[in-house]
Amino acid sequence: MSQYWSQLVHSLTPYVPGEQPKVDNLIKLNTNENPYPPSPKVLEAISEQNNEKLRLYPDPNSDILKQSIADYHNLNPNQIFVGNGSDEVLAHAFQGLLKQDAPLLFPDITYSFYPVYCGLYGIEYNNVPLNNDFEIDITEYEQKCGGIIFPNPNAPTGRLLALDKVKALLEMHPNRVVLVDEAYIDFGGQSAISLVNDYPNLLVTQTLSKSRSLAGIRVGFAVGQAHLIEALERVKNSFNSYPIDRLALFGATASFADEDYFQACCQKIINTREALTSAMTEMDFKVIPSAANFIFAKHPEQDAEKIALALRERKIIVRYFNKPRIDQYLRITIGTDAENDALIAALQEIT
Ligand code: PMP
């Protein structure tokens, strides 16, 4: 390998995805998937894509999906950008909107993809510390920057930033893009999509992987004023990124047509999260208040890795952290009630 390529390749810090085990009888609480199936309407819509239709390329513009997301949020389709998972949408935002003449700001601790994208696209960044309760302190963002990105609720902490504070950030940096990554917003937060028409510098991303149970078809989207969406379309077309495929397009569109199912599913997860929070608090865990479909918690004495390994022996997979500031924390995805009962019983045995 030539020296240039060798240096380049070794300077990258590839993202390590969460484990996707090949065996079936595990309780998988490590990558924040939804424990419930998608709406039956999704499968119906996918089944309608028969052989005759599969022969054809999908719509390169994903128009029916843009229209249904726009209708859902009372916006115009030219305010919606669609991609293969929100990770791809975020990649285009990093490539086209967040690379500026000053460092990009994001919290320390946050979604581990952000520094990976910065490395890949040559974007300078500053990590902004959270306060001691893992909350975003907006006063720390009063510094020269090329843009701001943060998940709301944050990952892996589950902490929510109130909408008035999101507004304050948008007003603090009116000439910079503020990207609110709302992968987990449907589990108890108020979406910043309601602010899009008032703030030309706001871009919100969401995914169908979590609250809509569709991690397997890879669909995410961004919402913003038309000039930001147009910029994302230009980046996408310059990189010749694939549009979402035909099955994803029709399946995703159908999921927006079953509001009752969606609401019921989110509510079940919220209720289970509250039950798990109480049970773990009773077992002396410190549990960070979560607005997401996972909780972030630490035992006062026991090692997180040991707890995770002991759970694994009982066929339950969770994540643990041993990085500075989040050392000894476990991140546990909310499962079904039956999975939650098994988890609580196992934790009672272990701790
Ligand atoms: N943002 C955050 C904060 C996430 O945790 C995830 C999921 N790992 C994503 C974005 C990406 O989700 P997807 O690509 O499945 O839409």
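## Packing of α2 and α9

The crossing of α2 and α9 is right-handed (left-handed if the near helix is turned anticlockwise from the far one by less than a right angle, right-handed if clockwise). Helices here are DSSP runs of H or I with at least four residues, and strands are runs of E with at least two, numbered from the N terminus. The model is predicted: local features need pLDDT of at least 70, side-chain atom pairs count only at pLDDT 80 or more, and totals for chains, interfaces and linings use all residues. Residues are numbered from 1 along each chain as its sequence is written.

Helix α2 (residues 40–47) packs against helix α9 (residues 246–255) at about 145°, their axes lying 8 Å apart. On the α2 side the contact involves K41, V42, E44, A45 and I46, and on the α9 side L247, F250, G251, T253, A254 and S255, contact being C-beta atoms, placed from the backbone, within 7 Å. By class, six residues of this contact are nonpolar, three polar and two charged.

## Cis peptide bonds

The bond joining N152 and P153 is cis, with omega about -5°. P153 is placed in the loop between β5 (147–151) and α7 (163–172). A cis peptide bond also runs from A155 to P156, with omega near 5°, and P156 is in the loop between β5 and α7.

R218, not a glycine, has a positive phi of about 60° and lies in the loop between β7 (202–207) and β8 (220–224). Q328, also not a glycine, has a positive phi of about 75°; its loop lies between β12 (319–320) and β13 (329–333).

Terms used. Axes are lines fitted to C-alpha atoms, for helices over the stretch in contact, and angles run from 0 to 180 degrees between N-to-C directions. Two residues are in contact if their C-beta atoms, placed from the backbone, lie within 7 Å. Ala, Val, Leu, Ile, Met, Phe, Trp, Tyr, Cys and Pro count as nonpolar, Asp, Glu, Lys and Arg as charged, and the others, Gly among them, as polar.
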